[in-house]
Amino acid sequence: ADREDCADREDCVDEEYSVAAWWDMVVRNVRSIPQCCETLGRKIATQYNSFTSKPLKEHIFPPLMDMLIYFNFFKAPFLVDLKKPELKMPHTVNFYIKVEPGVILGIWHTVPSCRGEDAKGKDRCWYEAALHDGNPIIVYFHGSAEHRAARHRLNLVKVLSDGGFHVLSVDYRGFGDSTGKPTEEGLTADAICVYEWTKARSGSTPVCLWGHSLGTGVVTNAARVLEEKGSPVDAIVLEAPFTNMWTASINYPLLKIYQKLPGFLQTLMDALRKDKIVFPNDENVKFLSSPLLILHGEDDRTVPLANGKQLYEIAHNAYRNKDRVKMVIFPPGFQHNLLCRSPTLLKTVRDFLSQQWA
């Protein structure tokens, strides 16, 4: 009986202790409410002051221009498993390259069609070793929006593969299943990383950087950095290039209707400057020595032909060896994305590169 009475007393003590501990916790939390409110108030005040210290247009336009230029949120075609390229393109393997912490790029490697039978059932290691088989290599950097499985990009890859080229189709950071957020500096770093990775595995096989639209700015940025490092790229192809992002933006179809609004062009320029978006093809080509081929469609309405012609003139005047710069204009019918349908595209590219690499 004494033991039972003792146990009852211990239970009571435990219960009293639990209630006391709970009450003490409640009191502490109540007392901390003013401090939490004060901290929250300071954070809100800081954010408010930060927001109101700048005009509203500075909050709106830089992110808007970011969205319009990269358009990477539009990840069409949808419901495509980028890890299984064989469903879209034969003799192709998917792999990833880490550029820096938090940035991993998705890439498709398509071997030349003449090696299609050899490639059946092979893994990534076989594809990587195939890069030094003597067939030339093109590293392809696409334009804004969509990803490496877009139809017009696959059509170009097929044309190049049938023509005897290895093609590495790269999704920049933030595009497709690549991680990270797109910036001009980041996309340039992506291009340099992929080029150097490819050169390290290609042996004596030449590697060409091919940029389309936005990709032309990425390619010339990367080529200029590599040139300054003493490692000029083996060749450059610019498809539908602009002179710089400023001129490309004022010709952008979605923005043309707003150009007559008071102050719009200045706001646009300020937004590009704020986001450090330049992609200065017109300046970059002045510092290059690599063979340079410019391709442009006569009826390109997204990047008017005048841009390509002006860029060619700048490059031709700057290059010491004039034979290293060439421009080919394609007749109407191919617009901005469809030069891959031209029956003369492959021959144009092969003839130029063969002559330069002879």
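Let me start with a charge over a ring: Arg224 lies over the face of Phe287, at 3.9 Å from the ring centre. Please keep in mind that this is a predicted model. A lysine does something of this kind too: Lys122 lies over the face of Trp126, and here the distance to the ring centre is 5.6 Å.

Now to rings beside rings. How many aromatic pairs are there by the rule used here? The count comes to 7. One of them joins Phe74 and Phe78, with 5.7 Å from centre to centre and 85° between the planes, which makes the pair edge-to-face. Are these two residues buried or exposed? Phe74 is partly exposed, at a relative accessible area of 32%. Phe78 has 54% relative accessibility, and because exposed means over 50%, Phe78 counts as exposed.

Another pair is Phe95 with Trp197. Their ring centres are 5.1 Å apart and the planes meet at 25°, so this pair is stacked. Where do the two partners sit in the chain? Phe95 belongs to strand S1, residues 92-100, and Trp197 to helix H6, residues 184-202.

Last, back to the phenylalanines. Phe74 and Phe78 also belong to a cluster linked by ring pairs, together with Phe71 and Phe73. That is my part; I will take questions now.

Methods:
Residues are numbered from 1 along each chain as its sequence is written. This is a predicted model: local features need pLDDT of at least 70, side-chain atom pairs count only at pLDDT 80 or more; totals for chains, interfaces and linings use all residues. Side-chain values use heavy atoms; hydrogens and water are left out. Rings of Phe, Tyr and Trp (its six-membered ring) pair if their centres lie within 6.5 Å; planes under 30 degrees apart count as stacked, over 60 as edge-to-face and the rest as tilted. Buried means under 20% relative accessible area, exposed over 50%, partly exposed in between (1.4 Å probe, protein chains only). Helices (H or I, at least four residues) and strands (E, at least two) are DSSP runs, numbered from the N terminus. A charge sits over a ring if NZ of Lys or CZ of Arg is within 6 Å of the ring centre and within 35 degrees of the ring normal.
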